Amino acid sequence: MSQQPQGQEVVGSPNMSMRAKGLTPYEVMRSAPDNLTNTQDDHCEITPKYPVYYFFYGTLTAPATLQRIIDLSEEPVMRKAKVLGYTLAKWGDYPALIDGESGQEVDGYAYLAQTKEEAQKLAYYETNAYTEAHCLIYFDEEPIQVSGKTFVYAGDAKALLEQRFDRKLWLHQTGGKLV
């Protein structure tokens, strides 16, 4: 049985009952009492403690890619994982995580980021097209469920679902950088 990483909490049944009510993962996090999230208003972020799990569903699921992006000396250990309440849409050639129906699953992998610097490298790689979001990550083995982070599409999710691709917006979001 694996040890739970320091700074990570296994999410308990109150959040599971909220998910059963059809709330998105973001709404579950926002509905937690202020003393759990340390938020004063809608614009505050939960201060991350490291290590923290990041959920990946696209190019970062390849260990060699992740190793290159965060400058690791060897391939990272990744765990098969999933998130609920999300779906994937295509953003050009790339998958984009967007809000989905309650209970919808997106499969991927999770990596335990050790430092703020690793997290910053991940955010730089994802460009302004994606924003970091808090999520619940589910595993097949202990710990079964942890609070973590992922990258969700920062643009118009409806446009993605309708397969409308705005090249000018893409250039602005990525700064013309090919990832």
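Good morning. Leaving aside neighbours within four places in sequence, Ile-137 is in contact (heavy atoms within 4.5 Å) with residues including Tyr-53, Tyr-54, Phe-55, Val-83, Ile-144 and Val-146. Please note that this is a predicted model, in which local features need pLDDT of at least 70, side-chain atom pairs count only at pLDDT 80 or more, and totals for chains, interfaces and linings use all residues. Residues are numbered from 1 along each chain as its sequence is written, and side-chain values use heavy atoms, with hydrogens and water left out.

Ile-137 also belongs to the largest nonpolar core, which has 38 residues; among those with the most contacts inside it are Tyr-54 and Phe-56. A nonpolar core is a set of buried Ala, Val, Leu, Ile, Met, Phe, Trp, Tyr and Cys residues joined through side-chain atoms within 4.5 Å. Buried means under 20% relative accessible area, exposed over 50%, and partly exposed in between, using a 1.4 Å probe and protein chains only.

Let us turn to the rings. The whole structure holds 8 aromatic pairs. Rings of Phe, Tyr and Trp (its six-membered ring) pair if their centres lie within 6.5 Å; planes under 30 degrees apart count as stacked, over 60 as edge-to-face and the rest as tilted. Tyr-54 and Phe-56 are stacked, at 6.4 Å centre to centre and 15° between the planes. Tyr-54 has a relative accessible area of 0%, and Phe-56 one of 2%. How are the rings of Trp-91 and Tyr-153 arranged? Their planes lie at 50° with centres 5.9 Å apart, so this pair is tilted. Both residues, Trp-91 and Tyr-153, are buried.
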